[in-house]
Structure formats: C-alpha cells, structure tokens
Amino acid sequence: MLGLGVSVICAAAVDTLHALLSAVKARATTYENESATAALIDELKSEGILDKATILTTPTAHSDAVLHSLKDGTSAGDFDVSSDTDATRVNENGLLEDIAANQPRINYEPSASGVVANNAHVLLEPARTNDANYSQNASEWVWGKDSNANNTTRVDSQTDPYGGTSASQFTRDSGTSGWFANANNTTGSAVDYTHSIFVKQPASNASDTINMKNVSTSPQSQVTFTFSSESFTTESNATGSFEKFPNGYYRLSMTFANGSASSAQVRHTLDDGEALIVFGIQHEEGSYPTSYIPNLTTGQTTRAAET
C-alpha cells in the first residue's frame, strides 16, 4: 500500500496536483480530504504511476450518488453509488455523522491512538440489521430506565459521539451487583453475533473496566475491557475488539456464537460505585462490527448494502 508521506514536490508536479484537484473540485458538490489526497498524488507522481493511470479515484470529491474521479477527470471515470437506506460515517472531526441514502461515505477511520487525520477511505459495507431497541435512548432501555434501574443510577443529556447530548451516564450503586441492558435482543440460532456500544470515562468516579456478558447462552459469553491498559482482560467464549475516537469515546465490541438461543441479553457491569458514559448499542448478526446503525424505536433497523 502506498503511504502518505511528505516529499519534495517539483514545479511540474505542483502544476499537475493543482490541475487535478481544481478540476475535480469544480465538478463536485462536496470536496474534502485534500491534504491526504495531495500527498497521495505526489507519491504516485514520484513513483511514475500517476502518468500511467487511466482512472484515479480517491475519497475526495463527490456529488449526489457519484464519487468523482481525479483521472480521467470526466463523468466517464466516475463511480455511481447506490444504497437504499441512510447510514453513518466517522467524519474528519472524529464524530459520527448521518449520511443520506445513495451518498458516498468518506469515512475517517480512527487509528490505534484515536487520530483520524489522513485515514479517509470510501466505506462500502454489506447489509446489516441492528436488533437493539432504542439504541441511543437509555431512558427506554428495559434494564436502565427509571422504573427498572437495577441498582444503577442514570443521568441523561451527556455528550454523545455525534457531538450532541443524547448519551447517558450510568453509575453502579455501591455494594450492589448492578448492571444495565437495553433488552432481550432477538437472535437466530447457531450464528455469530456482534454486540457493540460506545463508552467514555467521565471526569470523576470513572470505572476502569466494563464487563459485557451474554447471559442467554450456555456457556455464557463475556468480555471485560480495561481502560487503563486499553485491552480486553477477559475473553470467555467471545472475542473483543475496540476503536478509539479523539473525543474520548471507545467503541467496544463482543463477538460470540449464539448457539440455540432465540435471544441475547447482554448485561453491562461497571466497577463498584463507578460510572461510564454510554451510547449507541448495536446488536448485529455477523462476525465483526460494522458502522453504527441508529435504531430509534422498537423492532429492527437495517442498513442496506452499498454498491
């Protein structure tokens, strides 16, 4: 894979770079990711690849249902984008952002350190369904709402991964086995599922761990993530993974084989007396997590495949 390093650019390369970027910008409704694209063009030029390429498309310029090519620089080299449903991406500020159907998703994948600069790519995903009810409204979660707090205390209107205030802070009541969960999520039998949630440590009384356990299978599946070491210190009949975001959020995921159970109740447990800010539960069939799918009520929400 070609890197995006900085190199010395000659006058001819500058002219080529300026011409390509100016032309594609003039054709596009949305233009972004310029510095990384410029570095890539420079490297392709220095390697002798740019002049040989007939078509060059980068995650830079797009319009309604079209991802524009830098080369050949006409509609003949553009790529059509098709998707029947809205979706989400991580934008250049490291925040979640809703993207309308049939629009290219330029996604800024966070690096291991949580940095999104120069990590943009075109996101194409298969169809997936989020089975988690009220994925971003903890006041409606079965085990977490005011009428069924389950030995936890919930405070709403916390900063969320979109940059809004739809997240909630859960505190495990001291001396209890308190936990929270959104619902019994519908599942199919004998297939892999991935459960994910956005979590962030608050400024005070922050829990150093969060345990996610599916109590509906036998044997039970669980993972424990430890913030201080940024690692999964427990993985039992399950595999954990995480993404780190520049706004302090982590997206934690647990993948497990569901066996014969028709539902999955995934409980989230914090350190005794400590708290975490949480948002965006997702429960999807598959062996890896995909981009966040808001499911704002009961039932399911499906993100269609992109082509």
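Start by selecting Trp179: this residue is buried, with a relative accessible area of 12%. Buried means under 20% relative accessible area, exposed over 50%, and partly exposed in between (1.4 Å probe, protein chains only). The model is predicted: local features need pLDDT of at least 70, side-chain atom pairs count only at pLDDT 80 or more, and totals for chains, interfaces and linings use all residues. Residues are numbered from 1 along each chain as its sequence is written, and side-chain values use heavy atoms, with hydrogens and water left out.

**Stop 1: around Trp179**

Trp179 sits in the loop between S11 and strand S12 (185–186). Strands (E, at least two residues) and helices (H or I, at least four) are DSSP runs, numbered from the N terminus. Now show the contacts of Trp179, meaning heavy atoms within 4.5 Å. Leaving aside neighbours within four places in sequence, the partners of Trp179 include Trp143, Thr152, Arg267 and His268. Next, draw a line from Trp179 to Ala100. Their C-alpha atoms are 35 Å apart in space, and the two residues are 79 apart in sequence.

**Stop 2: the whole chain**

Zoom out. The chain has 2 helices and 22 strands. Its C-alpha atoms fill a box of roughly 70 × 35 × 35 Å, taken along the principal axes. Of the 307 residues in the chain, 47% are buried. Take the contacts with a separation of 6 or more: 64% of them join residues 24 or more positions apart.

**Stop 3: a sheet of six**

Select S10, S11, S21, S13, S18 and S17, in that order across an open sheet of 6 strands with antiparallel pairing. Two strands pair if DSSP finds at least two bridges between them. Which strands stand at the edges? They are S10 (152–158) and S17 (239–244); each has a single partner strand, so one side of each is left without a neighbour in the sheet. The twist averages 30° from one strand to the next. Here axes are lines fitted to C-alpha atoms, for helices over the stretch in contact, and angles run from 0 to 180 degrees between N-to-C directions.

S10 runs antiparallel to S11 (residues 167–172), with 5 bridges joining them. Find Thr152, which stands opposite Arg172 in S11.

Then move to S13 (residues 192–200). In S13, 8 of the 9 residues are buried, so this strand is largely enclosed by the rest of the structure. S13 pairs with S18 (residues 250–257) in the antiparallel sense over 8 bridges. Pick Tyr193; its bridge partner in S18 is Phe256. S13 is also joined to S21 (residues 275–285), again antiparallel, by 7 bridges. There, Lys200 stands opposite Ile277.

**Stop 4: empty space**

Rolling a probe the size of a water molecule over the atoms shows where empty space is left. On a 1 Å grid over the protein atoms alone, a cavity is a set of points where a 1.4 Å probe fits but cannot get out; a pocket is an open set with protein on both sides within 12 Å along at least five of seven lines; lining residues have an atom within 4 Å of a point.

How many cavities of 30 Å³ or more does a search of the whole structure find? The search finds 1. The largest cavity holds about 30 Å³ of space. Select its lining, which includes Ser83, Asp86, Ala100, Arg105 and Glu306.

Finish at the second largest pocket, with a volume of about 210 Å³. Of its 17 lining residues, Glu109, Glu243, Arg251, Thr290 and Ser291 are the closest to its centre. Strand S5 (residues 87–90) gives the largest share of that lining, 3 residues.

Methods:
Points joined across faces, edges and corners; volume = space filled by probe spheres on them.
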